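Trainee: Could you take me through the enclosed space in this protein, and then widen the view to its surroundings? I would like one connected account.

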Amino acid sequence: MTSKSSTSALKVFKIVPTTQQYDWGKIGREAKVAQFAEASKLPGFTVDEVKPYAELWMGTHSSSPSLVKDTGDLLSDHLRKYPDLIGPRIAEKFPDAKNGELPFLFKVLSIAKALSIQSHPDKETAKHLHGVSPKIYKDPNHKPEMALALTEFEALCGFRPLNDIAANLRATPELDSLIPSTILQAFFAAASSSSDSSPSPEQKAALKNLFSALMTAPPSQVHSAIESLVTRYSSSSPSSLADATLHPLILKLQSQFPYDVGVLCPFLLNIIHLSPGSAIFLGAGEPHAYISGEAIECMANSDNVIRAGLTPKLRDVENLVKGLTYECGGGERSYVQPKAFTEESSNGSLLYDPPIEEFSVVKVDLPKGASELQRAVDGPSVVIITHGSGRIAWVQEGKGEELETGTGDVLFIGAGTPVSFSTRGKEDGLGAFRAFVEA
């Protein structure tokens with residue numbers, strides 16, 4: 001750093017993220033979570049090669065808050081002490097920001113085993129669930145989220161078109177057998193009149209009844225149905241391109257969560273494959289499950305998850321079924337299409353801007369020897385360096401400041417601060433993701 005200013009006065013500084021070792025994480029150094037933590041010399045961190053590393057958290061959420069690296073202070077305490085880092089417009093728009101809380105939570109995910117069939121509540125539902133079950137739903141906030149693939153990434157995301165679900169039911173007697181005939185016939189009737197437009201209230205009701213019947217089917221019947229299905233799939237080859245995707249996923253989920261009703265959810269939900277740099281957005285009430293791969297994830301500042309399958313954790317099927325939107329269609333409706341961050345983004349920095357207020361994400365990818373000036377934003381930012389090394393520079397009180405950065409470093413950028421990203425000499429380029437909020 002070129003200046004002797006104290007960290008507490010700086011507009012850009014390093015922060016200490018936290019790691020989460022959930023059992024679905026990748027093992028040891030296979031996980032980017034562990035790679036980033038080790039490369040940045042996370043205090044007290046040592047890679048255990050036999051344990052999973054699932055998530056890296058960057059933010060102020062009380063369940064696992066970040067610290068200011070130079071002082072060890074809670075980031076939220078630091079931001080409360082220096083409110084200009086949050087910015088007056090953000091403090092006015094998001095009341096919790098006045099207490100040093102960021103409106104978003106930034107993560108890295110390293111997934112070896114499928115996450116639960118889940119959804120996230122809207123604000124009204126979150127407040128209710130937190131009031132009724134605060135030990136389960138630990139905050140009153142909603143949790144829209146966006147995942148940006150770092151590697152090849154597979155997920156279940158949103159309900160398929162009604163006609164696709166109907167075709168899967170007809171082709172899969174094991175699945176069909178779990179649904180009462182009256183519900184099944186009502187669904188087929190609704191699907192027969194479906195179109196490319198948003199489903200009607202009657203079609204949504206039919207889909208809700210179908211999904212509810214599946215998720216509440218007696219476990220003994222679910223066991224028998226999956227056993228029969230797996231036997232059939234294991235002894236026959238897929239007969240279509242759709243089956244070529246479904247069959248291996250069903251068998252994979254069965255190997256991870258034997259005879260769990262969530263094994264059957266791919267018949268109802270879109271199967272999505274993302275390449276590095278592709279992104280999906282999931283609003284409140286959208287059913288989903290991340291299956292495998294590694295990704296950057298950003299969400300509103302919440303940890304509320306309503307689970308119903310593929311999990312050893314508490315299941316809340318009633319609230320999940322009640323809270324879904326029952327919108328349906330192809331998986332492409334969940335994609336986020338990036339655009340240039342600014343006109344000055346000559347090196348290709350891309351903005352992923354989902355349809356919510358709490359966050360946007362910029363992907364920075366500089367070739368060696370390059371630099372890029374990024375405009376000031378109204379609110380705070382959090383940056384993680386995902387590969388390479390370089391510098392972040394800014395001007396403060398008329399003086400130039402800079403920080404050297406490398407893989408795994410996590411930095412905070414205060415509101416209203418233009419910054420320049422640059423690579424370090426003739427070494428490798430610099431890759432980073434920057435989450436921010438803007439009023």
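Mentor: Happy to. Lining the largest cavity of this predicted model are Lys14, Ile15, Val16, Pro17, Ser40, Leu42, Pro43, Lys69, Gly408, Asp409 and Val410. Strand β1, residues 12–16, makes the biggest contribution to that lining, with three residues. The space inside comes to about 60 Å³, and a search of the whole structure turns up one cavity of 30 Å³ or more.

Now for the open spaces. The largest pocket has a volume of about 640 Å³. Its lining counts 36 residues, and the ones closest to the centre are Tyr22, Asp303, Val305, Arg307 and Lys313. Two or more lining residues come from each of β5 (55–58), β7 (104–111), β13 (288–300) and β14 (306–309), with β13 giving the largest share, three residues. By class, this lining has 15 nonpolar, nine polar and 12 charged residues.

The second largest pocket holds about 520 Å³ of space. Among its 19 lining residues, Asp96, Glu101, Pro140, Asn141 and Asn301 lie nearest the centre. The lining here divides into six nonpolar, five polar and eight charged residues.

From the spaces, let us turn to the packing. In soluble globular proteins, nonpolar side chains tend to be buried together. Here the largest nonpolar core has 56 residues, and Phe187 and Phe211 have the most contacts inside it. Helix α8, residues 201–215, supplies the largest share of this core, seven residues. Setting aside neighbours within four places in sequence, Phe211 touches Phe159, Cys265, Leu268, Leu320, Val321, Leu324 and Tyr326. A second, separate core has 44 residues, including Ile90, Phe104, Phe106 and Leu150.

Most residues other than glycine have a negative phi. Tyr259, in the loop between α10 (241–256) and β11 (269–274), has a positive phi of about 60° although it is not a glycine. Its relative accessibility is 31%, so Tyr259 counts as partly exposed. Leu310 sits in the loop between β14 and α11 (317–323), and its phi is also positive, near 55°. With a relative accessible area of 2%, Leu310 is buried.

Ile356 lies in the loop between β16 (350–352) and β17 (360–366). Leaving out neighbours within four places in sequence, Ile356 is in contact with Pro144 and Phe281. Tyr22, one of the residues closest to the centre of the largest pocket, is 334 residues from Ile356 in sequence and 28 Å from Ile356 in space, C-alpha to C-alpha.

Terms used:
Residues numbered from 1 in each chain as written. Predicted model: local features only at pLDDT ≥ 70, side-chain atom pairs only at ≥ 80, totals over all residues. Heavy atoms only, no water. 1 Å grid on protein atoms, 1.4 Å probe; cavity = no way out; pocket = protein on both sides within 12 Å on 5 of 7 lines; lining within 4 Å. Points joined across faces, edges and corners; volume = space filled by probe spheres on them. Helix = DSSP H or I, 4+ residues; strand = E, 2+ residues; numbered from the N terminus. Nonpolar A, V, L, I, M, F, W, Y, C, P; charged D, E, K, R; others polar. Core = buried A, V, L, I, M, F, W, Y, C linked by side-chain atoms within 4.5 Å. Buried < 20%, exposed > 50% of the residue type's maximum accessible area, 1.4 Å probe, protein only. Contact = heavy atoms within 4.5 Å.
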